[in-house]
Amino acid sequence: MRTAGSALRSKDLLGTEHLTPEEITLILDTAEGFKEVSERPVKKVPALRGQLVINLFMEASTRTRVSFEIAEKRLSADTLNFSASGSAVEKGETLIDTAENLVAMHPNMIVIRHKHPGSPQMLADRFENISIINAGDGAHEHPTQALLDAFTIRERLGRLHGVNVSIIGDIKYSRVVRSNIHLLTKMKARVTLASPPTLMPAEVEQMGVRVVHSLDEAIEGADVIMMLRIQLERQGKLSFPSLREYYNTFGLTRERVRRAKEGVLVMHPGPMNRGVEIASDVADDPNVSVILDQVTNGVAVRMAVLYLLGGAHGGAGE
Amino acid sequence: MIFSPAIRMNVKKRLLDGARMNRAIRRMAIEVVERNRGLDDLMIVGIRSRGVPIGERMAKEIEEMEGQPVSFGILDITLYRDDLTLVAPQPVVKPTKLPEPIDDKVIVLVDDVLYTGRTVRSALDALIDFGRPKRVMLAVLVDRGHRELPIHADVIGKTVPTDADEVIKVKLVETDGEDEVLIMEK
């Protein structure tokens with residue numbers, strides 16, 4: 001029997017949309033315990049010894065793939081990295097066939113990144129004994145990013161409830177923002193979105209967020225400013241006249257940070273386009289930027305997720 | 001040990017009340033001091049969860065006796081358990097907090113009950129990942145027998161022969177609101 005507050009209900013982590021506030025708190029609390037492991041002389045604990053985790057990355061990634069791999073290794077899991085390039089995928093193998101073949105080798109968990117929304121869900125439904133972790137599926141969700149963002153906010157501000165979070169930039173094509181909206185609104189934070197109209201999805205207010213149309217409005221009163229990357233690769237062509245114009249209108253500059261609340265946190269999920277959505281001197285200012293804390297915390301949060309999904313209900317051994 | 005709340009347990013005997021528990025902890029503290037020369041390389045390390053308040057109380061007793069503070073740390077052994085793949089849900093993980101490097105220290109591990117010895121085995125593995133102590137001692141409030149590993153305690157509050165179907169319940173003011181040790185049976 002699993003009881004609320006001490007376990008996750010699902011064998012998978014496909015998004016933040018279906019997590020309860022109790023589950024979110026459990027993951028964040030567990031991550032606090034894991035943060036300490038990365039500061040030890042021996043940065044390894046035997047929790048997932050003998051478990052095989054496959055990192056199935058069908059789309060480019062540095063931070064997330066490396067972060068998951070470090071998290072897996074610090075938990076003593078065996079890890080296997082699989083990427084589309086140089087594999088049978090290039091010969092036309094489908095995702096299902098690739099996954100079937102990998103599953104035949106008895107992994108306990110699969111971490112998947114794929115350009116098609118819903119592909120982690122498809123694997124989760126198909127493989128009953130394997131935990132699937134979504135590491136980003138198209139413009140749908142990227143749950144561990146939202147969890148590490150929430151962990152970083154909670155660590156710095158001591159709470160999520162009532163915190164004003166303004167998310168600025170490419171809202172339309174961002175899985176990070178979708179996962180963050182679900183998570184932050186569940187935890188009773190107040191979310192404000194700002195972007196050029198062409199990058200704002202229709203009727204996004206129904207998700208319980210406030211929409212404003214200028215950076216200055218978004219910054220006013222914000223405790224957290226979360227800048228999003230302009231995803232040039234997802235937009236067929238630019239949704240605004242030029243990168244220079246975007247920077248002038250929506251770029252986070254030193255001058256604009258100065259107008260923000262005292263103690264404001266600047267976050268960015270990476271990779272940054274310096275001089276497009278964020279100025280270098282803001283990104284590198286240790287007094288406001290927690291961008292590298294996000295990276296450090298990402299490992300602890302992913303360890304927590306792997307640990308909570310692993311163990312007794314971790315698949316093949318069940 | 002994970003107990004299912006669904007199983008009803010009856011109190012068979014009250015082993016220690018608050019006053020006797022305090023005396024036992026004071027005596028454990030005295031024994032630790034007697035067995036060591038000075039406090040400089042000594043560190044009391046409580047095993048989560050109930051080893052922590054017992055260890056803190058021992059450290060306080062030692063400080064009162066010797067007039068100087070003794071180093072105190074907290075060890076979380078969850079990730080080192082040998083039954084992690086057997087128990088669901090996953091036990092809650094909390095940080096380990098050691099105030100200084102443990103190399104060349106005399107470590108006194110503190111727990112509430114010594115039973116199978118598996119918790120202590122996990123604690124030793126966890127500790128070794130932080131360094132190489134000069135010596136590791138084990139102090140427990142209750143030793144109830146039934147060891148499954150070759151492990152023994154150096155300092156014992158109370159030794160109690162038990163049956164395998166009995167449960168020792170240690171309650172502490174810090175975690176349970178009152179001090180007492182009970183023998184329960186199904």
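Predicted model: local features only at pLDDT ≥ 70, side-chain atom pairs only at ≥ 80, totals over all residues.
# Two chains, helix by helix

Me: Which residues of helix 11 of chain A does helix 5 of chain A meet?
Reply: Helices (H or I, at least four residues) and strands (E, at least two) are DSSP runs, numbered from the N terminus. Contact means C-beta atoms, placed from the backbone, within 7 Å. From helix 5 of chain A come A:Thr144, A:Leu147, A:Leu148, A:Asp149, A:Phe151, A:Thr152 and A:Glu155. In helix 11 of chain A they meet A:Asp293, A:Gln294, A:Asn297, A:Gly298, A:Val301, A:Arg302 and A:Val305.

Me: At what angle do helix 5 and helix 11 of chain A cross?
Reply: Axes are lines fitted to C-alpha atoms, for helices over the stretch in contact, with angles from 0 to 180 degrees between N-to-C directions. Here the two axes come within 8 Å. They cross at roughly 115°.

Me: Is that crossing of helix 5 and helix 11 of chain A left-handed or right-handed?
Reply: A crossing is left-handed if the near helix is turned anticlockwise from the far one by less than a right angle, and right-handed if clockwise. For helix 5 and helix 11 of chain A, the crossing is right-handed.

Me: Which helix of chain A gives the most to the side that touches chain B?
Reply: 20 residues of chain A are in contact with 18 residues of chain B. Helix 1 (21–35) and helix 11 (291–309) of chain A each supply at least two residues of that side. The most, four residues, come from helix 1 of chain A.

Me: Is B:Pro95 buried, exposed or partly exposed?
Reply: Buried means 20 or more other C-beta atoms within 10 Å of a residue's own, exposed 12 or fewer, partly exposed in between; C-beta atoms are placed from the backbone. B:Pro95 has 14 such neighbours, so it is partly exposed.

Me: Why do the buried residues of helix 4 of chain A line one face?
Reply: In helix 4 (119–126) of chain A, A:Ser119, A:Pro120, A:Leu123 and A:Ala124 are buried. They line one face because, seen down the axis, they fall within an arc (of directions from the helix axis to the C-beta atoms) of 140°.

Me: What is the omega of the peptide bond between B:Arg48 and B:Ser49?
Reply: Most peptide bonds are trans. B:Ser49 lies in the loop between strand 2 and helix 2 of chain B. The bond joining B:Arg48 and B:Ser49 is cis, with omega about 0°.

Me: What is the phi of A:Glu203?
Reply: A:Glu203 lies in the loop between strand 6 (190–194) and strand 7 (210–212) of chain A. It is exposed, with 8 other C-beta atoms within 10 Å. Its phi is positive, though the residue is other than glycine, with a value near 55°.

Notes: Residues numbered from 1 in each chain as written. Chains lettered and ligands numbered in written order.
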